[in-house]
Every structure is written in C-alpha cells, then in structure tokens.
Amino acid sequence: MKKFAVSFFIIAFIGCFVAIKAQTDWTGAYQFEEDGGKTAGGSAINIYHILEVRESADGLMATLKSNGFQTSVDLICTAKAENNKLLIYFAGYGEDNVFEKYTEGELLLTLERKDDKILTFWGKFLPSIEKNEKSGKVYFKKTETTKENL
C-alpha cells in the first residue's frame, strides 16, 4: 500500500508539472501581419495583429490587438492550453477597441503546434483580409518584439 501511495504521488506530481509546462510553453508574443495590397488611391492596406499570452494567478490570460487600415481591435482574453493547442476565449474589451461584436466566453481562435509550426484555426475572430480566412495554416508566429503602434 505504501508503494502505491508513493507511486500515486509521483504520477500526480509529474502530471502537474507537465500541465504547468504546457501552459508556460505558450507564454509570449505572437504576431500576424496582413498585406491587402493598396487602395485605389495608392494607400497601403496593412493590418497588424499581436497576441500576447501571459500567466496570471487565475491561469493564462491574453490580449489580442489588431491595428492598421480601418482596424482597431483591442480584446482581453482568457487562454487555455490543451496538449499542443492554445485556445483563446473572449473576456472583454480593451480601451482602444472600436467595434463590439463578441460575447464573453466565445472561442476566438486556436493555435496548434504541429512539427515546428504554429497553425491557426479561426473561431469568432477572423482576419481582416478574406484570403487569410482559411484555417489550419501558419499565420501567427512567436516573436520577442511587438509593433510599436499596437
């Protein structure tokens, strides 16, 4: 019985360690830039998306900001790590948000690690440029720096 208790404790400890490691593996900044070409007047159509994931006392939290051509999105999110996936859920609006179209708890997007890539699966949050709406492709890339204007 004593061996069983020790074995159970070791397995539980390893399980907790793996769960914590899975969460911290996702912390950091992710960037996705959209290039929509130019307007008829020659202005660039660029939109920059920054997803920042960090740990908090309540688990993983995130902000998702999009700025650029006719775009100003500032979302406060919760995040949940499940195996090789990171699920981003809407929690509220930041100060710089313009349009309010999400409700609390909606799945905005999912990032999935596959091989050495991070695939994006769109939920309620969609890219600004239609050609980028196909899920399961590489859009967000982990970065150490963020755009100054976001």
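Select strand β4 (residues 71–82) first: three residues from this strand form the largest share of the lining of the largest pocket. Strands here are DSSP runs of E, at least two residues, and helices are runs of H or I, at least four, numbered from the N terminus. The model is predicted: local features need pLDDT of at least 70 and side-chain atom pairs 80 or more, while totals for chains, interfaces and linings use all residues. Residues are numbered from 1 along each chain as its sequence is written, and side-chain values use heavy atoms, without hydrogens and water.

Next, show the whole lining, 16 residues, with Thr71, Val73, Lys101, Tyr102 and Ser128 nearest the pocket centre. A pocket is an open set of points on a 1 Å grid over the protein atoms alone where a 1.4 Å probe fits, with protein on both sides within 12 Å along at least five of seven lines; lining residues have an atom within 4 Å of a point. The volume, the space filled by probe spheres set on the points, is about 280 Å³.

Now colour the sheet. Its nine strands run β8-β7-β6-β5-β4-β3-β2-β1-β9, open and antiparallel. Pairing takes at least two DSSP bridges; β7 (residues 117–122) and β8 have two. Pick threonine 120 to find its bridge partner in β8, lysine 137.

Finally, go to tryptophan 26, in the loop between α1 (2–24) and β1 (28–38).
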